Amino acid sequence: MGVDGSSPPLPDGRGLCSAALLRQLARPPTPIVRGLPPPRGPILGEDLQLALYVCYELHYRGFDGVDPEWEWNPELLGWRGRLERAFLSALRAEADSAPLAEQLSALLTEPLDGTGPSHFLRAHGERWQVREYLVQRSLYHLKEADPQAWAIPRLHGAAQAAFVAIEFDEYGDGHGERVHSRLFADMMRDFGLDPAYNHYLDRVPAEGLAVVNLMSLFGLHRGLRGALVGQFAGVEIASSPGSARLVEALTALGAGEAGTRFYREHVEADAVHEQLVRRGVIGELLRQEPQLEDDIAFGLAASALLEDRLAQRMVSNWTKGRSSLHLGLLDAPAGS
Ligand SMILES: [Fe+2]
Ligand SMILES: [Fe+2]
């Protein structure tokens, strides 16, 4: 279930590489792994993004029936490294290369004519589209703050203290019922969705997988700690106004108390986190390690690039009355 510690089942493959990986993981790990083909195909496509997602998931909850020893299997890590290098070079080629200060100030100015999913849902949202939005977001929010927690031992002094202060809020300020992943699970239930961890993995398209893979990639490599802080900052700075729009949209579509609490919490918390992340985390980190400035900018830009791709997938499909999910609608709109 979403809030206990059990492992989800393995997903279905989406092509040669992911299918081969899933076949391997169902077996006991061996020092020599035969049967993992060289990664082929678009790195942002369904097959390779799912393969990367499954590799990373071994560091979180793993999968039912998969030996935990796979997490540190050297051959699998080598194979994952090839996917990661391709992912990173695609991001470096496509992400905006604007300086950090410019990106940070752009984040603070909300466009009047925004076009993202929260704008769409507030203006024209239907219940089935909100359900899709929650499904798309569930892979991350059911493990909210976990990928960023890997930054904690890699930050020091005042930057670490400010970072942990934000993470402490994400983990419910010491109260299990207020952990953000728990609030998200409660909201899913309010919208008739299953909050089991990774329950909708088979329905989230490559664009949604890539958003989470980015955090895991940055989180698992100490050398990318600056990029992880950039990704984290982007979320904390931009989330408050979007969350407020989502509260309006969900309320209009019949959400109960539990159906808006997650976003209500983020309207308030992220207004505070925005200040903490800018001054406390980025400001302090740059004082200690000024050479990380370009990495922080890269993390922010790469995260924005992938968030935009996912937003476009949702809005362009919904505008045409179509599902944004992998494999189409969860169920008929009339029954949603
Ligand atoms: Fe949160
Ligand atoms: Fe936050």
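A quick term before you click: donors are N, O and S atoms within 2.8 Å of the metal (3.2 Å for Na, K and Ca), and sites may look incomplete because water is not among the atoms. This is a predicted model, where local features need pLDDT of at least 70, side-chain atom pairs count only at pLDDT 80 or more, and totals for chains, interfaces and linings use all residues. Residues are numbered from 1 along each chain as its sequence is written, ligands are numbered from 1 in the order in which they are written, and side-chain values use heavy atoms.

Start with the two iron ions. Ligand 1 and ligand 2 sit 4.3 Å apart, with glutamate 170 coordinating both.

Now select what holds ligand 1: Glu144 (OE), Glu170 (OE), His180 (ND1) and His266 (NE2), at 1.7 to 2.1 Å. Along the chain, these donors are spaced E-x25-E-x9-H-x85-H. Glutamate 144, in the loop between helix H6 (127-141) and helix H7 (146-149), is 122 residues from histidine 266 in helix H12. (Helices are DSSP runs of H or I, at least four residues, numbered from the N terminus.) Glutamate 144 is buried at 5% relative accessible area; buried means under 20%, using a 1.4 Å probe and protein chains only. Histidine 266 is buried too, at 5%.

Next, color helix H8 (residues 157-170). Its buried residues are Ala159, Ala162, Phe163, Ile166, Glu167 and Glu170. What covers them includes H7, helix H9 (180-190), helix H11 (225-252) and H12, where covering contact means heavy atoms within 4.5 Å. Just past H8, glycine 172 has a positive phi of about 85 degrees.

Note on methods: Helices (H or I, at least four residues) and strands (E, at least two) are DSSP runs, numbered from the N terminus. Buried means under 20% relative accessible area, exposed over 50%, partly exposed in between (1.4 Å probe, protein chains only). The expected span of a helix is 1.5 Å times one less than its number of residues.
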